[in-house]
Each structure stands twice: as C-alpha cells, then as structure tokens.
Amino acid sequence: MNMSINFPHLGIYLEHVGKSISIHGFSIAYYGIIMGCSILLGLYLAEREAKRTGQNPDTYTDLVIYAIVVSIICARTYYVIFSWDSYKNDLAIYGAVIGAVATVFVYSRVKKLSFPVMLDTACIGLVAGQILGRWGNFFNREAFGGYTDNLFAMQLPVSAVRVHEITDEMWAHVQIIGGEQFIQVHPTFLYESLWNVGVICFLYWYRKRKKFQGELFLTYLLGYGLGRAWIEGLRTDQLQIGMTGIPVSQMLACILVIFSAVTILWGRSNAKRKEQAKTNE
C-alpha cells in the first residue's frame, strides 16, 4: 500500500506516513498515541487553570480518569446510533464531549464542587486536546473533505482510504502519480485543528473578562460550534439523520451556537443587573 501524503501547493511531499509503530513486536497506532498525548496535554492545562483560580489541581487528575471511560462509551454510542452499519470505523467527538460534561456534572455533585466552575476550568484542556487529537485523523487518512485545489489541498492514495468516502467529483479529479491513483481533498482535520487554536487563544484572552461562572465553557461551545458548522459541511464521511441527508454534527453545531449565544447574552445581562443593584444599595 502506498503510504504517502502530499500537500502539493505547499511543496510538502511525505513519502511514508505510517499508521502505527512497532515496539518489541507490538504494534501501537499513532492515533492512539496522539489521543493519549492529547489527554495528557488537556489535563496539564486544566490543572494549571485550576491553580490559577485557587482550586485543587488533583481534582482534575481524578476527574479525567472517570471522564475518559465515560467519554469513550458515549462516543461509541453516538456513532452507533447514527451510523449502525459502519459504527466500528470511527469515534464521534460530540458523544465524547457529552460524556465528559455528564461526568463533570456527577463528579461535582458527589464532591460538592461548583459545576460551572469546573466546566470553565476543564474547557481549556478540552479544546487543547482537540487541537492535538485531530492529527490522529491525519495518520489514519480519514475525516477529509471533498475535492479542492486550494492552497491546503491534500493528496491521498486511493488505496489508503475508505472507498465509500470518495465522491464522484473526487473520482473525476483523480490524479495518477507514479502509477498510483491519488485523490485531492480538503484536509478538514487541519482546518479544525487550526480553528481550535484560534478558539483557545480567544478563551485565554476572554477568561478574565467573563461575567458569570460557566461563561467560558459556553464561549468554547460557541466557538467550537461555529467552526464545526462549516467544516462538517466539507466532509465526505458525515453521520446523517436517516435518509434526510442532514449531517448530525452540523445540525448539533448550529444548535450549540444558538444555545450558547443566547445563554451568554442572558447570563451577562443578568450579571449586569446584579452589579447595578449592588451599586444602588
């Protein structure tokens, strides 16, 4: 199998990008390594944020153990619900996020901690993990978009991708390189990773400007949802609602954007009224 990945307009030609590494006869997928590193990165940043806000960092070390297990279960459940025939091929990030939020909620109740405060702290680590985690899709040659000839266009060997994700337009623009068929596509994993870099930068800037607890997490949902709404529209492996043709992730992203924006506006308005009431006392 041809293992190359090219970005021709950027002058990047990677002749061999493996999917795994072998250590003493054991094969370890790069996807798994990246997921592990993304979890550690997210935990590190969450602990730093906990220290900054006067919380116990160990709280998040304990929390992440439960969150990993629940998130994986929820991610698989989400994918099975919307793509029963091919559920074994992927994980769904929304299911993982839902699982993580549910875990934080239960954990906060058991430990008698503030749920909104924990969400604000954890979202910094969550988005950082997503930035790194998306690169697992790069090694797996998945989560790509349709045909494009833009600056970031990525070329993948047909033999290295799932054929059912190749659209008619992509077949119409197949290129023969060294006797091998290549498709040229949107690297949507890269788009989402770069988008989330912008999201986390904004969160770091915004965290001292929030007016109520939970606002930072809602801002994360708003920013992430905006990016996912347009990026999901490019992908060829969309989970769809039955035969409607409506991408599940794109619909959920739009719902998140509306919900987060309305809740933030209401929360800030409510916080402003409370400040004015205190001033008038």
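I will start with the strands: E5 (residues 154-157) and E7 (residues 180-185) run antiparallel and are joined by 4 bridges. This is a predicted model, in which local features need pLDDT of at least 70 and side-chain atom pairs count only at pLDDT 80 or more, while totals for chains, interfaces and linings use all residues. Residues are numbered from 1 along each chain as its sequence is written, and side-chain values use heavy atoms, with hydrogens and water left out.

Two terms before going on. Strands (E, at least two residues) and helices (H or I, at least four) are DSSP runs, numbered from the N terminus. Two strands pair if DSSP finds at least two bridges between them.

Next, helix H1. H1 covers residues 30-52, which is 23 residues, and reaches 33 Å from its first C-alpha to its last. That is close to the 33 Å expected at 1.5 Å a residue, where the expected span is 1.5 Å times one less than the number of residues. Which residues of H1 are buried? They are Tyr-31, Ile-34, Ser-38, Gly-42, Leu-43, Leu-45, Ala-46, Glu-49 and Ala-50. Buried here means under 20% relative accessible area, with exposed over 50% and partly exposed in between, using a 1.4 Å probe and protein chains only. Just after H1, Gly-54 takes a positive phi of about 80 degrees.

Now the cores. A nonpolar core is a set of buried Ala, Val, Leu, Ile, Met, Phe, Trp, Tyr and Cys residues joined through side-chain atoms within 4.5 Å. The largest one has 30 residues, and Leu-203 and Tyr-220 have the most contacts inside it. At least two residues of this core come from each of H1, H2 (58-82), H3 (93-111), H4 (115-133), H7 (188-206), H8 (215-231) and H9 (248-280). H4 gives the largest share, 8 residues.

What does Leu-203 touch, not counting residues up to four places away in sequence? Its contacts (heavy atoms within 4.5 Å) are Cys-123, Ile-124, Val-127, Leu-216, Thr-219 and Tyr-220.

On to the aromatic rings. The structure holds 14 aromatic pairs. Rings of Phe, Tyr and Trp (its six-membered ring) pair if their centres lie within 6.5 Å; planes under 30 degrees apart count as stacked, over 60 as edge-to-face and the rest as tilted.

Phe-138 and Phe-189 make a tilted pair, 5.6 Å centre to centre with 45 degrees between the planes. Phe-138 lies in helix H5 (residues 135-140) and Phe-189 in H7, so this pair ties together parts 51 residues apart in sequence. Both of these Phe residues are buried. Tyr-220 and Tyr-224 form a stacked pair, because their ring centres are 5.9 Å apart and their planes at 20 degrees. These two Tyr residues both lie in H8, 4 residues apart, about one turn of the helix. Tyr-220 and Tyr-224 are both buried as well. There is also one aromatic cluster formed by Tyr-30, Trp-135, Phe-138, Phe-139 and Phe-189.

Last, the charged pairs. A salt bridge is a side-chain nitrogen of Lys or Arg within 4 Å of a carboxyl oxygen of Asp or Glu. By this rule the count is 10.

One of these joins Arg-134 to Glu-192, with the closest N and O atoms 3.2 Å apart. Arg-134 sits in the loop between H4 and H5 and Glu-192 in H7, so the pair ties together parts 58 residues apart in sequence. Glu-192 also forms a salt bridge with Arg-228, at 3.9 Å between the closest N and O atoms. Arg-228 lies in H8, so that pair connects parts 36 residues apart in sequence.

Are these residues buried or exposed? Glu-192 counts as buried because its relative accessibility is 4%, and Arg-228 counts as buried at 5%. Arg-134 is buried too.

Arg-235 and Glu-232 meet in a further salt bridge, 3.8 Å from N to O, and both are buried. To close, Arg-134, Glu-192, Arg-228, Glu-232 and Arg-235 are linked in a network of salt bridges.
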